[in-house]
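Let's take a friendly walk through a protein model together.

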Amino acid sequence: MHHENPKINKNLRGRFAPTPSGRLHFGSLTCALASYLDVKAKNGSWIIRLDDLDSPRVQRGASENIIRTLEYFNLISDEPIRRQSDNLKLYEEIFGDLIRKNLCYRCECSRKRLQSLNNVYDYRCRNKKLSHEKTSVRLKISETNNIQNFIDNIQGNQETAHITSDFIIRRKDQIFSYEYAVVIDDYVQNITSVLRGADLISSTFNQLILHKSLNFNPPLYSHIPVVENKDGEKMSKSKNALMEFSKTKLSILYLALDWLGQNPPAELKNESNQIIIDWAKKNWCPKAIPQLLSKSITEQAQIL
Ligand SMILES: [Zn+2]
C-alpha cells in the first residue's frame with residue numbers, strides 16, 4: 001500500500017538511475033545512498049529509474065538484482081520504477097520536433113574520421129542536408145544554447161575542459177544517446193536534484209545544452225567522487241565489490257557514510273540498515289562530501 005506522507009516536499013525530487021548492466025557495487029550503492037539522502041533529508045521524493053536504453057549493455061536479470069539489493073538496504077522508490085524503454089515514444093516525438101525546427105542534422109562521418117579529430121567535431125556534415133536514416137544525428141550548438149560552465153552543488157564552479165562542438169543525440173544504430181534520453185527522463189519526472197558520480201561531470205555540459213535547447217528547466221547537479229578500489233581503479237560491476245564488503249560484520253551503509261565524509265558515530269557500526277538510514281537523514285551534510293573527482297576505499301579496507 002502506498003500512502004501519502006503529508007509532510008512530503010513536492011518541490012524536491014531526486015533519482016537514482018543505474019544502467020542494468022550488472023550488479024551494484026560499493027560505488028554504485030554509495031551513489032544510490034547519497035542521492036536518496038540528498039532529497040530525503042528535506043522530505044523530498046526519491047525515484048529509481050532503470051537506464052536500459054543502451055540495450056547492448058543491458059544484462060538479463062540485472063534490473064531485478066539491483067532493485068532487490070536496494071530494497072535490502074531500505075532504499076525504496078517512492079513511485080513505480082520506470083525504465084527508459086517506457087519512454088521511446090516520447091524520445092521520438094521530441095526528436096521529430098528538433099528535426100522540424102532544424103536544430104539537429106544527420107552526420108555520416110566514420111568513427112575513424114572522428115578519432116582523427118580527437119572527437120572535437122568539425123561540423124563537416126552541418127550543411128550537407130543528409131536525409132538517409134543510417135547516420136548519426138547531431139545537435140547544433142550555437143550561441144543561444146551553448147553552456148560552458150555550471151555550479152555543481154558539491155564540486156563548485158565547473159568549466160568545460162574542451163571545445164564544445166555539435167554532439168550526437170542519436171547513434172547510427174538508431175539508439176538515442178544517453179545524454180538525450182536522460183535529459184528527457186529528468187524533465188518528464190520533474191527531477192529537481194541530480195546526484196551522481198563525478199565521472200558524469202563532463203557529460204553535464206551537454207545535458208545542460210539539451211535542457212536549454214528544449215526549453216526545460218535543468219535540475220541542480222551534485223557530483224560525488226567516484227569510488228576507486230585499493231589499487232586506484234574504478235570499480236566495475238563485474239568484480240562485484242559489494243560481495244567483498246558483505247564479508248565484514250560492519251554495515252556497508254556505515255562504510256558508505258564514512259566514505260561520504262558524514263562522520264557516522266561508531267555505535268552505528270553494527271546497527272540495522274534502517275537505524276543507520278534514519279541517522280543519516282537527520283544528519284546529512286552535503287558540504288562534508290569530499291570535493292574530489294575520485295576517492296579510494298583504502299581506509300575502509302584497512303578497517304576490515
Ligand atoms: Zn559528419
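A residue is called buried if 20 or more other C-beta atoms lie within 10 Å of its own, exposed if 12 or fewer, and partly exposed in between. Keep in mind that this is a predicted model.

**A buried helix**

With that cut-off in hand, look at helix α8. Which residues of α8 are buried? They are I252, L253, Y254, L255, A256, L257 and W259. Because 7 of the 8 residues of α8 are buried, the helix is largely enclosed by the rest of the structure.

Let's pick out one of these residues. W259 sits in helix α8, and W259 counts as buried because 23 other C-beta atoms lie within 10 Å. W259 and I289 are 30 residues apart along the chain, yet 8.4 Å separates their C-alpha atoms. Just after α8 you will find G261, whose phi is positive, at about 75°.

**Two pairs of helices**

Two packed helices are described by the angle between their axes and the distance between the axes. The table gives both values for two pairs in this model.

| Helix pair | Axes come within | Crossing angle |
|---|---|---|
| α1 (residues 26–40) and α8 (residues 252–259) | 10 Å | roughly 75° |
| α5 (residues 178–188) and α6 (residues 201–213) | 9 Å | roughly 55° |

Start with the pair that includes α8. The axes of α1 and α8 cross at roughly 75°, which means that α1 is roughly perpendicular to α8. On the α1 side, the contact involves L29, T30 and L33, and these meet I252, L253, A256 and W259 of α8. Sorted by type, the residues of this contact are 6 nonpolar and 1 polar, with no charged residues.

Now turn to α5 and α6. With a crossing angle of roughly 55°, these two helices are oblique to each other. How does α5 pass α6, in a left-handed or a right-handed crossing? The crossing is right-handed. From α5, the residues E179, Y180, V182 and V183 take part in the contact, and α6 contributes S203, N206, Q207, L210 and H211. In this contact there are 4 nonpolar, 4 polar and 1 charged residues.

**Two domains**

Next, zoom out. The domain assignment divides the protein into domain 1 (13–84 + 224–303) and domain 2 (86–188). Taken over C-alpha atoms, the centres of domain 1 and domain 2 are separated by 30 Å. How many residues of each domain are in contact with the other? The contact brings together 10 residues of domain 1 and 11 residues of domain 2. The side of domain 1 that touches domain 2 has 4 nonpolar, 2 polar and 4 charged residues.

**Two loop residues with positive phi**

Finally, visit two loops. N43 belongs to the loop between α1 and β2 (45–50). Phi of N43 is near 60°, a positive value in a residue other than glycine. N43 is partly exposed, because 13 other C-beta atoms lie within 10 Å.

K129 lies in the loop between α4 (111–116) and β5 (136–139). Its phi is near 55°, again a positive value in a residue other than glycine. Is K129 buried or exposed? K129 counts as exposed, because it has 9 C-beta neighbours inside 10 Å.

Definitions and conventions
Residues numbered from 1 in each chain as written. Predicted model: local features only at pLDDT ≥ 70, side-chain atom pairs only at ≥ 80, totals over all residues. Axes fitted to C-alpha atoms, helices over the stretch in contact; angles between N-to-C directions. Helix = DSSP H or I, 4+ residues; strand = E, 2+ residues; numbered from the N terminus. Parallel < 35°, antiparallel > 145°, perpendicular 65-115°, else oblique. Contact = placed C-beta atoms within 7 Å. Nonpolar A, V, L, I, M, F, W, Y, C, P; charged D, E, K, R; others polar. Domains from an automatic or database assignment. Left-handed = near helix turned anticlockwise from the far one by under 90°.
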